[in-house]
Amino acid sequence: MKKVLIVDDSRTSRKMLRELLEELGYEVAAEAVNGEEGYLKYKELKPDLVTLDITMPKMDGIQTLQLIKKENADAVVIMITAAGQKEKMIQAIKHGAAEFITKPYDKEDVEKILTNLA
Ligand SMILES: [Mg+2]
């Protein structure tokens, strides 16, 4: 079973994504509430997949993506975005993001994205 690390400052968003990923057969290894914690948990757990919210306090998703990619260039990172974040999405692509999931979550979309990655 593939292990996922969910990094998001919104409790509701983490919960919804956890339920969705578990339904799709993933094991949620951990959740982190900001980029700093997410990076530390990434190093500790070495998950198969990371979901990174773009907007977070302390360390945002773009900075966290850069650190994770520095740690492991092959890390598979999916960015969680909201409407109107085109600029940030372009930055994320530049730094090696594998995919994007847009809030609010759509189960079929998420499933399609994960299938394409596998
Ligand atoms: Mg956020």
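Me: Hi! How many bridges join E4 to strand E5?
Reply: Four, and strands E4 and E5 (residues 99-102) run parallel. Two strands count as paired if DSSP finds at least two bridges between them. Strands (E, at least two residues) and helices (H or I, at least four) are DSSP runs, numbered from the N terminus.

Me: Before I go on, what kind of model is this?
Reply: This is a predicted model, where local features need pLDDT of at least 70, side-chain atom pairs count only at pLDDT 80 or more, and totals for chains, interfaces and linings use all residues. Residues are numbered from 1 along each chain as its sequence is written.

Me: Back to E4, then. Which residue stands opposite Met79?
Reply: Phe100 in E5 does. E4 also pairs with strand E3 (residues 49-53), in the parallel sense over four bridges, and there Asp53 stands opposite Ile80.

Me: Are the residues of E4 buried or exposed?
Reply: Five of the five residues of E4 (residues 77-81) are buried, so the strand is largely enclosed by the rest of the structure. A residue is buried if 20 or more other C-beta atoms, placed from the backbone, lie within 10 Å of its own, exposed if 12 or fewer, and partly exposed in between.

Me: Which way do the E4 residues point?
Reply: Val77, Met79 and Thr81 point one way, while Ile78 and Ile80 point the other way.

Me: What does E4 make with helix H4 and E5?
Reply: With helix H4 (residues 86-94) and E5, E4 makes a right-handed β-α-β unit. E3, helix H3 (residues 61-71) and E4 make a right-handed unit too. Right-handed says that, with the strands pointing away from you, the path from the first strand over the helix to the second runs clockwise.

Me: Zooming out, what is the strand order in the sheet?
Reply: The sheet is open, with five strands in the order E2-E1-E3-E4-E5 and parallel pairing. E2 and E5 stand at the edges with a single partner strand each, so one side of each has no neighbour in the sheet. At the E2 end, E1 and E2 pair over five bridges, and Ile6 has Glu31 in E2 as its bridge partner.

Me: New topic: helix H2. Which of its residues are buried?
Reply: Gly35, Gly38, Tyr39 and Tyr42 are, in H2 (residues 35-45). Seen down the helix axis, they fall within an arc of 100 degrees, so they line one face of H2. That arc is taken from the directions from the helix axis to the C-beta atoms.

Me: And what do those buried residues pack against?
Reply: Strand E1 (3-7), strand E2 (27-32), E3 and H3. Contact here means C-beta atoms, placed from the backbone, within 7 Å. The face of H2 turned away from the buried side carries the exposed residues Leu40 and Glu44.

Me: How many residues are in the largest nonpolar core?
Reply: There are 23, and Leu5, Val50, Leu52, Leu65, Val77 and Met79 have the most contacts inside this core. Such a core is a set of buried Ala, Val, Leu, Ile, Met, Phe, Trp, Tyr and Cys residues joined through C-beta atoms within 7 Å.

Me: What does Leu52 touch?
Reply: Its contacts include Val7, Gly38, Leu65, Val77 and Met79, not counting residues up to four places away in sequence.

Me: Last one: why does Lys70 count as exposed?
Reply: Lys70, found in helix H3, counts as exposed because it has 11 C-beta neighbours inside 10 Å.

Definitions and conventions: Two residues are in contact if their C-beta atoms, placed from the backbone, lie within 7 Å.
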